[in-house]
Every structure is written in structure tokens, then in C-alpha cells.
Amino acid sequence: MLISADSHVFEPPTLWEERLPAAYRDRGPRLVADGDWYVLAIDGVPPRKLARRGADAGGGTDGHGASTPPGAGGADVARRLADMDADGVRAEVIYPTFGLFVDLIPDPGLALACARVYNDWLAETFLGAGERFVPAALVPLGDLDGGVAELSRVAEVGFRAALVPTTPPAGRPYNLSDYDPLWRTAAEAGIPLSMHTGTGTQPSAERGPGGAVINYVAVGLRSAETLCYLAASGVLERHPDLRVVFVETGAGWFAYCCERMDEAFEEHAAWVKPRLAAPPSHYATHQCFVTLGADRAPLLTRELTGVGPLLWASDYPHPEGTFPHSREVVARIFADLTDAERRAVTHDNAARLYRIAP
Ligand code: MN
């Protein structure tokens, strides 16, 4: 059986209109008609097209604007369980769809209010629905103290995963000691912090030749930079119980970063500070994780990283994910690995990280 370390819920697009405090309601995410389209409007964030007006496709849209199969990926627990059974998936970590945009909201108070609404809804929908669901709470960092307080609150409620932006707020890089309360709170609560692709900054906007491909790769590589900030700056060394998961970025860059960071650490030693007790790759491979779907680069470079940091994911229900053919994809990409290696990446690493009972 498989554990998907990256799946998505399709939350009701009217969630925030219904639940935000009155003071925020007309600035938060709301469904509005715009010409031929329904769009999700949020103050300070470019509107996202959701569906054509009058069309009755029966489906929804994912975080990248692509349409999802009717019914799939919704908040219907029974439907999700049936899809998981059909796909051989025993448990899944659940990320939002529209919620991925919350940390792009410029007003920190509004962003935090939106996160609370999402987290409350997510808890009602999935926390009581059994061991097979590991929903990830939203923790925006525009108001850092508020974000840390929200992380503490969701830990109390019983969340075992939380989402922080891959790219931190402008001018406040992750190597600032300001973030220590965040790392400490996550470590003490035993909550791995996830950084999903596309969070924290607007997606790249190359519109010229190659744009779609360039943007897709560039947004994934922002995780590489964040890994270096956490490993080289001493954040991971100072917080040995902190766990960080890079989600839906492809995973081939992880081995590259480990080698490249260590090369700088050894060859440019005179300029390196802090002098970590071990090379940066040690912290990266022991405390960080990266999800893979159908990509083979992280498997072919496992000699450099070990299989410990690798987590398989279906990205259900997105079209670029492996649902409903996950078992076939896993059989193909793991064909040259040992059973123990395959089990670690497709099940055991995630089970340990998220405390999913056997
Ligand atoms: Mn995803």
C-alpha cells in the first residue's frame, strides 16, 4: 500500500465569504462573475478563473487553473476514500487548492483570518475522519507572531502537518533569527512544516517562447534556494527536531543542492559562517524531505542522498499527478530499486514522519 505525501482538497470556493469575520469578508476570497467567467477575487491578489459561466462541467479547478475531474478531490470523505482504495493509497497528506494563495494576500491580518477559516473547516471535515487523512493547516507568515500562534493553535486541535510559504515574505529571508520561534514551535509540536510549490510568491510570468515550461521549472527551483537557507545558515542545526518537506517541486534538485552546498562548505571554508558541525547535506538529508511523483532523477541519485528524504506522492486529483494509475507508475519507476527502498519511499518514510499507525 502507498502513502501519498501530496494530495489536494477542493475546498468550497464560497468558504471565506461565508465564514470570515464581517470586517474582512468583502476583501477575502470570494466568487464573482467577470464576463464569461466565474473568478476567485482576493484583495491584492490577481483574480483566478474558476469556471465558465453557464457551463456545467460538474468539476472544479485546481490551484494551477486546470480543471479537475467531476467529484474528484472534493471534500467528500467517502468519495476520497473510494478513490484512495481504487488507487492503492492507504493514507494521504492533504493540501488546499484556493488556500495555496492565502499567503500571497498582502494584508497580514486578512491572510491570517483566511488561514483560520480554512483550518477550522479542514479540522471539521478531516480531523475526525480517521487515520488515513493527514490534513495540513495553513500558516501564513506576513504576521510572524500571529503565524506562530496559529501553529500552536492547530497543534492543540490535533493537526500533524502545517504549510508555510516556500518563499518567505519579501525582505525577511529564512536565515533571520526572527523565525526561531516558528521553528521551535513546529519542532516541539512534532509538526513537519511543508513548503508546497508555488507558495509565497506570484508564479513566474514569462509569457514569451518557452514560458509555460520555464515557469513550471522556475517555480519548483525556489525550493532549492530555501533548502540552502535552512541547511547552510544553521537553522536545521539549531533545531534538530525540525522537519521540513518540499512538496510538488520535482525532486532531482535535492541531490544537486546537497553536493553543491558541501562543495562550497569545504572548498570555500575560509568564507563560510557559521561553521556547522557537519556539512550542510547532513542536515538536509536528516531533517528535510522532498516529494516525487513520476520523476526518476531522485531515485537515480539516491546514492548521494539516501532514500530517507524521499516521499512518494500522487498529487491527487491534479491532472499532472498519478491518480488513478499510481500503482503502475510506482511499479515502473521503482523497477530497479530494492523492495526495502521502494517501501521506504512509498510508505514507511511518510508513516514515520506523520505518525501514521501501521
Ligand atoms: Mn500538490
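β1 and strand β7 (residues 89-95) are joined by five bridges and run parallel. Two strands count as paired if DSSP finds at least two bridges between them. Helices (H or I, at least four residues) and strands (E, at least two) are DSSP runs, numbered from the N terminus. The model is predicted: local features need pLDDT of at least 70, side-chain atom pairs count only at pLDDT 80 or more, and totals for chains, interfaces and linings use all residues. Residues are numbered from 1 along each chain as its sequence is written, and side-chain values use heavy atoms, with hydrogens and water left out.

**The open sheet**

- Eight strands form an open sheet with parallel pairing, in the order β1-β7-β8-β9-β10-β11-β12-β13.
- Its edge strands, β1 (2-8) and β13 (310-312), each pair on one side only.
- From one strand to the next, the twist averages 25°. Axes are lines fitted to C-alpha atoms, for helices over the stretch in contact, and angles run from 0 to 180 degrees between N-to-C directions.
- Strands of a sheet pair through backbone hydrogen bonds, either parallel or antiparallel.
- β1 is largely enclosed by the rest of the structure, because seven of its seven residues are buried. Buried means under 20% relative accessible area, exposed over 50%, and partly exposed in between (1.4 Å probe, protein chains only).
- Strand β9 (residues 161-163) and strand β10 (residues 193-196) run parallel and are joined by two bridges. L163 stands opposite S194 in β10.

- β12 is mostly covered, with five of its five residues buried.
- Both of its faces are covered: C288, V290 and L292 are buried on one side, F289 and T291 on the other.
- Three bridges link β11 to β12, and the two run parallel. V244 has C288 in β12 as its bridge partner.
- β12 also runs parallel to β13, again through three bridges. There the bridge partner of T291 is L311 in β13.

**Helices on the sheet**

- Helix α7 (residues 211-232) lies across β10, β11 (244-247) and β12 (288-292), and runs at about 170° to β11.
- Helix α10 (residues 280-287) packs on the sheet and touches β11 and β12. Its direction makes about 60° with that of β12. Contact means heavy atoms within 4.5 Å.

- H196 is buried at 0% relative accessible area. E248 also counts as buried, at 15% relative accessibility.

- Strand β3 (residues 37-42) and strand β4 (residues 45-52) pair in the antiparallel sense over five bridges.
- L40 stands opposite R48 in β4.
- The hairpin has two residues between its strands, and G44 takes a positive phi near 85°.

- T346 lies in helix α14 (residues 339-353) and is buried, with a relative accessible area of 3%.
- The C-alpha atoms of T346 and I3 are separated by 6.0 Å, although the two are 343 residues apart along the chain.
- Leaving aside neighbours within four places in sequence, T346 is in contact with M1, L2, I3, W312, V330 and F334.

**Cysteines**

- The structure holds zero disulfides; a disulfide is a pair of cysteine sulfur atoms within 2.5 Å.
- The sulfur of C258 lies 7.1 Å from the closest cysteine sulfur, in C257, which is too far for a bond.
- C258 counts as buried at 3% relative accessibility, and C114 is buried at 0%.
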